[in-house]
Amino acid sequence: METIKTLIIGSGPAGYTAAIYAARANLKPVMYQGMEPGGQLMTTNDVENFPGYPQGIMGPHMMEDLKKQAERFGTDIRMGMATSVDFSGYPFKVTIDEQTELLAESVIISTGATAKWLGIPSEKRLNGGGVSACAVCDGFFYRGREVAIVGAGDTACEEALYLSKLATQVHMIVRKDRMRASKIMQDRVAKTPNIHIYYNSETEEILGDAVVTGVRIKNSATSEVKEIPIEGFFVAIGHKPNADIFKDYITLDDQGYILTVPGTAKTNIEGVFACGDVQDKNYRQAITAAGTGCMAALEAERFLAAKELEVVS
């Protein structure tokens, strides 16, 4: 059975940054990329808010650059997905693709979180053509235009308020007759003059061929169908952290995100670290993910150094 010094589960900005730091520290990292190599940025056209790219960069191009940088320092990047783990003993046991068993002296989890979508065909077809799951990432492109956002929680309200500072009009589509956001967030949205809320409304179709030109919604109480001309459509109905396989060993919060010791990437299992969106429900940005990837690698280095000292003594 292969023994790996530092196993990185998942890619994306967090995983690749962890790999760069781990490789430079001679931790001999092996990365399994998972089902979505490169993470959510692989479906992002223009990234303009990551430092170092004054002209912006395509998401897939940026991920390819990070991958090459990690490989340059010796990271062994492999296709495959971790399907089960056993963190009850040391070294840790990880199974890849339900068949290959590995031993790992340290583990960095960077499996990310997957945006929840409405599930309508036009949403997938126009993803990158005006459909987005991140207002902070893509809102800038709709300055001076009309946009719509779907959602009813605090995140949806926060993103609607963010968009209201950029767009001329924000059409907020709420499925029920009320929001589930906190009262203070609901009040802020209600007091913002260029946010219009549509209650009891379902998105029937996002309109447009190559780019978004409008949205068709239906009122579930009155059956009224309405078409709204927009250029950007934002989905803010939540994210699902990709942490299910760790739940028997790693402490998760009530939404399924991995809990880390504040100010660190440490989990409740010594030697297992978590970085990126799988443990961050607040920011979910490439730059913050990369920062936690750096933290995870540095902490893995310290953990392994302490283990070596134990063996020597």
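Which residues does Ser132 touch, not counting residues up to four places away in sequence? They are Trp117, Asp138, Phe233, Phe234 and Val235, where a contact means heavy atoms within 4.5 Å.

Before going on, a word on the model. This is a predicted model, in which local features need pLDDT of at least 70, side-chain atom pairs count only at pLDDT 80 or more, and totals for chains, interfaces and linings use all residues. Residues are numbered from 1 along each chain as its sequence is written, and side-chain values use heavy atoms, with hydrogens and water left out.

**Around Ser132 and the cysteines**

Ser132 sits in strand S12 (residues 131-132). Strands (E, at least two residues) and helices (H or I, at least four) are DSSP runs, numbered from the N terminus. With 6% relative accessibility, Ser132 counts as buried; buried means under 20% relative accessible area, exposed over 50%, and partly exposed in between (1.4 Å probe, protein chains only). Its side chain reaches the backbone nitrogen of Cys134 at 3.0 Å. That is a polar contact, meaning a pair of N or O atoms within 3.5 Å; within protein, one must be able to donate a hydrogen and the other to accept it, and residues adjacent in sequence count only if both atoms are side-chain atoms.

A disulfide is a covalent bond between the sulfur atoms of two cysteines, and here the term is used for a pair of cysteine sulfur atoms within 2.5 Å. Searching the whole structure turns up 1 disulfide. Cys134 and Cys137 form it, with their sulfur atoms 2.1 Å apart. The torsion about their S-S bond is about 70°, so the disulfide is right-handed. Cys134 is buried at 14% relative accessibility, while Cys137 is partly exposed at 27%. Cys157, on the other hand, is in no disulfide: the nearest cysteine sulfur, that of Cys134, is 16 Å away. Cys157 is buried, with a relative accessible area of 0%. As for Cys294, its sulfur is 10 Å from the closest cysteine sulfur, in Cys275, which is too far for a bond. Cys294 counts as buried too, at 16% relative accessibility.

**Helix H2 and what follows**

Helix H2 (residues 59-72) has 14 residues and reaches 20 Å from its first C-alpha to its last. That is close to the 20 Å expected at 1.5 Å a residue, the expected span being 1.5 Å times one less than the number of residues. Which residues of H2 are buried? They are Gly59, Met62, Met63, Leu66 and Ala70. These residues cover an arc of only 100° around the axis, which puts them on the same side of H2; the arc is that of the directions from the helix axis to the C-beta atoms.

After H2 comes Gly74, whose phi is positive, near 110°. Thr75 is found in the loop between H2 and strand S6 (76-78), and is buried with a relative accessible area of 7%. Leaving out residues up to four places away in sequence, Thr75 touches Ala19, Ala23, Pro29, Met31 and Ala70.

**The nonpolar cores**

In soluble globular proteins, nonpolar side chains tend to be buried together. A nonpolar core here is a set of buried Ala, Val, Leu, Ile, Met, Phe, Trp, Tyr and Cys residues joined through side-chain atoms within 4.5 Å. The largest one has 30 residues, and those with the most contacts inside it are Tyr16, Met62, Ile108 and Phe273. Helix H1 (12-24), H2 and helix H7 (286-312) are the elements that give two or more residues to this core. H7 provides the largest share, 8 residues. Another core, of 23 residues, lies apart from it, with Ile4, Leu7, Ile96 and Ile250 among them.

Most residues other than glycine have a negative phi, and most peptide bonds are trans.

| Residue | Phi | Relative accessibility |
|---|---|---|
| Lys28 | about 50° | 57%, exposed |
| Asp97 | near 50° | 39%, partly exposed |

Lys28 lies in the loop between H1 and strand S3 (29-32). The peptide bond from Tyr90 to Pro91 is cis, with omega near -5°, and Pro91 lies in the loop between strand S7 (82-86) and strand S8 (92-96).
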